[in-house]
There are 2 protein chains.
Amino acid sequence: MTVSMKDVALKAGVSIASVSRVISGKPGVGKETEKKIREVMDELDYRPNMGARGLVMKSTGNIAIVIPRGTFTLNNPFFSTVLEGIAKGLDKTDYNMVMSFTSLQQKRLLETQSVDGVILFAPRYKELKLEWLESIGLPIVVIGSYLEDSPFPCVRPNDEMGTKKAVEELYKLGHRNIGFINGPMDSMHSVKCLRGYKNTIESLNMEYTKNNVFEVGEFEIQARNQDLEKFLIENSRITGFVCSSDYLAIGLIKAAGKVGLKIPEDLSVVGLDDVPLSSHITPALSTVHVDLIGIGKRASAILINLLKGKQIRKKEIVFEMDFISRDTTGIVKD
Amino acid sequence: MTVSMKDVALKAGVSIASVSRVISGKPGVGKETEKKIREVMDELDYRPNMGARGLVMKSTGNIAIVIPRGTFTLNNPFFSTVLEGIAKGLDKTDYNMVMSFTSLQQKRLLETQSVDGVILFAPRYKELKLEWLESIGLPIVVIGSYLEDSPFPCVRPNDEMGTKKAVEELYKLGHRNIGFINGPMDSMHSVKCLRGYKNTIESLNMEYTKNNVFEVGEFEIQARNQDLEKFLIENSRITGFVCSSDYLAIGLIKAAGKVGLKIPEDLSVVGLDDVPLSSHITPALSTVHVDLIGIGKRASAILINLLKGKQIRKKEIVFEMDFISRDTTGIVKD
DNA sequence: CTGAAAGCGCTTACAG
DNA sequence: CTGAAAGCGCTTACAG
């Protein structure tokens with residue numbers, strides 16, 4: 001029983017075409033006619049049907065935000081912060097954001113012409129096959145890294161350089177045995193961070209050993225807390241840790257406390273990304289900052305341009321990262 | 001140039017009706033015909049158009065998640081946690097979730113027949129008028145409190161009781177001067193928490209005074225940190241604080257550290273809601289737990305029922321809360 | 001400035 | 001089991 005254009009046209013004594021014109025602000029309607037139509041629209045409380053419009057215009061007005069599945073990651077402030085950027089970017093446009101968390105939702109969303117474009121959040125190749133992504137024929141921009149040479153434009157932090165800066169900072173503070181807490185290696189992010197860690201360790205003439213690396217199954221802090229504690233006890237030679245995400249760093253701080261290590265007196269900790277929360281916890285987290293909101297905004301801007309049919313020049317936008325010293329890093333004890 | 005039913009019908013040498021039937025799993029298609037159609041669909045890489053389907057079925061397959069605007073609140077783990085519950089609940093269904101953060105997005109989403117139903121997150125009357133909500137004629141369920149007697153089904157934590165439990169717990173630990181950190185009073189949540197705080201203070205024969213209440217403009221920790229520090233210094237008689245959200249409690253802990261108060265030795269802090277993060281920070285936050293994921297799931301379940309046309313019996317689902325003692329509460333010093 | 005008509009991609013009685 | 005046809009609510013040439 002919703003009122004359609006037909007209803008207002010009938011009541012206003014004009015054609016559907018005229019109604020359509022005033023609604024979409026197209027020229028070619030007389031002042032008087034327009035006024036009449038607007039009145040009737042108000043009276044009838046007319047609400048345009050975007051679906052019908054989309055059918056003829058061949059657009060949905062929706063863009064998909066695809067979040068990696070597995071452990072739910074929206075709790076990870078990294079995602080919510082970038083999401084904030086996306087929301088801000090999209091807010092100036094007429095697009096809605098449709099979220100997708102599971103592979104079921106992804107299929108439903110991406111294979112049913114329900115969206116005009118998609119933003120892929122730190123996609124893992126294991127979960128999102130390139131072939132499938134290309135087959136859906138939608139404009140895609142990825143946030144973070146996907147494949148080493150993906151065909152999609154991407155905007156990402158310079159993780160490798162960020163990790164490098166973190167390691168160098170600890171080195172400057174006198175640390176010579178620097179550990180690394182990393183996420184799962186099926187994430188390109190982890191691969192790049194590890195690369196940055198390893199290269200920097202070696203270029204500073206420290207010894208790289210797998211024993212100094214603790215790999216978590218997910219970018220979640222809960223995961224493997226017991227193991228992490230054990231790792232800390234067994235590797236007491238390590239005086240400082242770099243973590244490939246702030247969230248991981250928070251977990252490390254927790255585990256350190258459990259086994260009686262004081263931060264930063266006994267152990268220095270550096271995160272990665274600088275999510276808003278990191279400056280608000282106690283002790284405030286030393287980390288490597290990157291403009292996460294900017295990344296989200298930029299990604300949405302690129303997608304919008306793609307949607308407008310504009311050619312984009314740069315396939316890859318890299319955001320630089322900068323070390324921020326807060327309260328979890330200190331000079332190494334003798 | 002996307003392929004439509006017409007294309008597959010043509011190529012398969014059958015009618016559009018038959019194609020439609022096999023796609024929606026309707027009976028009345030011969031085995032052979034179906035096989036042929038499926039083959040052609042594969043061959044042509046056919047993708048159904050949900051928009052077109054929605055037009056005739058009068059449904060969109062989308063449900064709107066409306067988040068309060070103002071300061072972006074997705075960073076608040078309360079929201080992301082409940083959102084996780086909603087996502088889980090919706091995952092079993094065929095609905096997509098469309099997010100809306102700003103009033104612009106809300107209008108666009110809710111006034112254009114773009115969604116079948118809406119979940120309202122802790123709506124504030126100031127921002128979301130009842131009249132407007134009713135005029136859009138969509139099934140609505142609210143999470144948290146809206147108006148004291150809203151017409152929409154709602155699922156919410158028992159905030160009043162939760163605050164009560166927090167105050168009582170501090171009382172048991174010997175605290176006789178208990179402060180309260182609250183969110184903005186235009187949020188029903190704040191109103192109820194304050195009520196719980198005040199009533200409990202009085203029923204325990206302590207003196208209720210506005211001076212012990214610190215009100216933050218938003219449920220954000222960043223806001224007014226300076227003022228909070230000043231407040232702590234000027235009110236050193238207060239030995240324990242209840243906060244109307246964990247996020248606020250984290251901010252309080254930070255401020256306390258800044259002014260040299262040790263937790264829990266000098267000051268006890270209790271949060272509200274028990275977001276996942278609360279157990280992972282250092283010190284782990286004592287708080288009042290509620291099943292946030294359950295709330296999200298329940299809300300989506302109710303909305304789905306509404307969408308199916310089922311009558312719902314209970315207008316209000318209240319989740320009980322339980323105090324959890326962790327590391328931010330202690331016996332009061334003499 | 002205005003309207004009749006075709007068409008977007010689908011579903012669903014209706015008739016065979 | 002199968003198909004022709006009407007219709008969902010819109011937009012847009014086309015003709016006046």
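The sections below treat the DNA surface and then the contact between the chains of this predicted model.

## The surface near DNA strand C

DNA strand C is surrounded by 27 residues, and the closest are A:Arg21, A:Gly30, B:Met5, B:Ser20 and B:Tyr46.

Helices α2 (16-23) and α4 (50-57), in chain A and in chain B, each supply at least two residues of the surface. The most comes from α4(B), with five residues.

## Individual contacts with the DNA

Two side chains reach phosphate oxygens of DNA strand C. An N or O atom in the side chain of B:Tyr46 lies 2.4 Å from one phosphate oxygen, and for A:Lys58 the corresponding distance is 2.8 Å. At a base, a polar backbone atom of B:Ala52 is 3.3 Å from a nitrogen of DNA strand C.

## The contact between chains A and B

Chain A contributes 53 residues to the contact and chain B contributes 52 residues. About 4700 Å² is buried between the chains, and carbon and sulfur atoms give 52% of that area.

There are two salt bridges between chain A and chain B; one of them joins the side chains of A:Arg108 and B:Asp94, at 3.7 Å from N to O. On the side of chain A that touches chain B, α5(A) gives the most, with eight residues.

Strands β2(A) and β2(B) pair in the antiparallel sense over three bridges. Within this pairing, A:Met99 has B:Met97 as its bridge partner.

Terms used: Residues numbered from 1 in each chain as written. Chains lettered and ligands numbered in written order. Predicted model: local features only at pLDDT ≥ 70, side-chain atom pairs only at ≥ 80, totals over all residues. Heavy atoms only, no water. Near = heavy atom within 4 Å. Polar contact = N/O pair within 3.5 Å; in protein donor to acceptor, adjacent residues only side chain to side chain. Helix = DSSP H or I, 4+ residues; strand = E, 2+ residues; numbered from the N terminus. Contact = heavy atoms within 4.5 Å. Buried area = accessible area lost by both parts, 1.4 Å probe. Salt bridge = Lys/Arg side-chain N within 4 Å of Asp/Glu carboxyl O. Pairing = 2+ DSSP bridges.
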